[in-house]
Structure formats: structure tokens, C-alpha cells
Amino acid sequence: MNDTIEVTIQSPRGSTHFIFEKTTKVAEVVETARQKFGFEPGAFVLRRQTPDEVLAPERPLVSYHIERGETLLLVPEMGSGV
Amino acid sequence: MREFTALEPWATRHEWSFLWDEDRLLLVVLMRSAVDLERYIFEFTLDNYRELPPSIELVHPETGETGTRRSYPAGGRSYFHSKPVICAPWNRKAYQTLGGPHSDWAMADWASYRPNHSHVADMLVLLQELIDDRASYTGRMER
């Protein structure tokens, strides 16, 4: 049984393939991708496109039944104007 | 501009129209709101970028008028200030020295205030999210 999952993560600063253990929590995925793309620590959203949903940081990837090679979107949280 | 290449998937997904005028250092991007299908044209003037933030203005897609309330979206988590101006440290026009509302920011430090929105690509993705944000976007600022 394959215990890893390959995904593509797109961010405003680039797009890269990653391989994670299926049990990896979304928060760890976000942190790995954040560092890869050169963002500063902060609040991020990891989003699935189909269905359109924001992945909860405390849940493991496997709980979303993400398909091999699926593309996820990483964006900094919008925050607010000042 | 190298920053733009990472944006290709986003541009395709949201059907952005791009114009990059290298001589004038002017980037023009047309976006459409997923909420009401309104079109917004964002003009980024990038002289002295990254030393200074971009200067961002909006152009009405039909009349061509620039910087009026009719050319701006409203709401957007308070980014779309009624002045009208995009009120964020990554917009040169938000600084009081250039007629904006903020006297409390140092323009030279702009990239440190919101570091994850300190690249043009970050800003464009954020602007699309703001006009797609059903919780805060309320359509064109003025008809």
C-alpha cells in the first residue's frame, strides 16, 4: 500500500510538486510549501479546486481523499485594508 | 517581468487579460468578479519598484475614466477605500505624501508591513480574491 501522496501546490510565487505522507496534517503541508515559496510566517489558506473547499489545518491529507497529482492552491490570507 | 511567470495558472483560471508595457513599466490587468461578473482594470505603475511600492489605479472598462469611484469596486475587507484608493501599504497611492489617507507609514518600509503581499503577483491574486469575496465585496463603488 502506498502511504504517500503526490500533489502540485500553486502559489502566487510559483508552482511545485510535493510528496507527503498521507497522514501529514494540512498545517504541515502549508508550512512546507510556505518555506518552499519563500513566504514569511503568517496565516495561509490551502484550497482544493474541485470541490472548492478550504482544507482545515488540523486534518490529515488522507481525510480529503485527494487524488494523486491533484493541484492545491496556497494563498496568504486576505487580511483587511487599513 | 519574472514575477509574472508564476501567475500563468492564476491568469488562466480567472481569464485575466494582461498588458505589460516595458517602456513605461506599466502593467494592466483586467479581472472579472465571480460574484457579479463586473470587470475591473487594475493599472500598476512600477517605476522604482521594489524600492517603492507599485502605484495602483483603476480604469473603468467602458468609459476609460481613471481613479474615480465608478472605476473602483466597493467593500473588499476595507481595501477599497472610498477616497477612492486601494488602502494598503503595497500601494504607493495610499500614502499621504501622494494624496492617500496614510501618514503613519514609511514608504521605504512598505514591503515589511505585509510581507506576504509584497510582490506584484501576491497583490494580483489578493485583488482577485477580494472581488470574489461574497462576504465583503459589494459591487462597483458608484454607478
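First stop: select H65(A), which sits in the loop between strand 4 and strand 5 of chain A; helices (H or I, at least four residues) and strands (E, at least two) here are DSSP runs, numbered from the N terminus. Phi of H65(A) is near 55 degrees, positive even though the residue is not a glycine. Is H65(A) exposed or buried? It counts as exposed, because it has 7 C-beta neighbours inside 10 Å. The cut-offs: 20 or more other C-beta atoms within 10 Å of a residue's own make it buried, 12 or fewer make it exposed, and anything in between is partly exposed, with C-beta atoms placed from the backbone.

A word on the ground rules. This is a predicted model, where local features need pLDDT of at least 70 and side-chain atom pairs count only at pLDDT 80 or more, while totals for chains, interfaces and linings use all residues. Residues are numbered from 1 along each chain as its sequence is written, and chains are lettered from A and ligands numbered from 1 in the order in which they are written.

Color by confidence next. The model scores ipTM 0.91 and pTM 0.95. Chain B averages a pLDDT (the predictor's confidence in each residue, from 0 to 100) of 95, with 99% of its residues scoring at least 70.

Jump over to L25(B) for another positive phi, about 50 degrees, again not in a glycine. L25(B) lies in the loop between strand 1 (17–21) and strand 2 (26–32) of chain B, and it is partly exposed, with 15 other C-beta atoms within 10 Å.

Now for the cis peptide bonds. One runs from T50(A) to P51(A), with omega near 0 degrees; P51(A) is in the loop between strand 3 (44–48) and strand 4 (53–54) of chain A. Another joins Y49(B) and R50(B), with omega about 20 degrees, and R50(B) is in the loop between strand 3 (39–45) and strand 4 (55–59) of chain B.

Back in chain A, show strand 5. Five of its seven residues are buried, so the strand is largely enclosed by the rest of the structure. Look for T8(A) bridging to T71(A), and L46(A) to L74(A).

Zoom in on L74(A): its contacts include I9(A), V30(A), F44(A) and L46(A), leaving out residues up to four places away in sequence. Contact means C-beta atoms, placed from the backbone, within 7 Å.

Which elements give two or more residues to the side of chain A that touches chain B? Strand 2 (14–21) and strand 5 (70–76) of chain A do. Across that boundary, 15 residues of chain A are in contact with 21 of chain B.

11 of its 12 residues are buried, so the helix is largely enclosed by the rest of the structure. Those buried residues pack against strand 5 of chain A, together with helix 1 (2–5), helix 2 (8–14), strand 2 and strand 3 of chain B.

Finish with the largest nonpolar core, 47 residues, where L46(A), L74(A), F42(B) and L124(B) are among those with the most contacts inside it. Helix 4 (residues 120–131) of chain B gives the largest share, nine residues. Such a core is a set of buried Ala, Val, Leu, Ile, Met, Phe, Trp, Tyr and Cys residues joined through C-beta atoms within 7 Å.

Definitions and conventions. Contact = placed C-beta atoms within 7 Å. Pairing = 2+ DSSP bridges.
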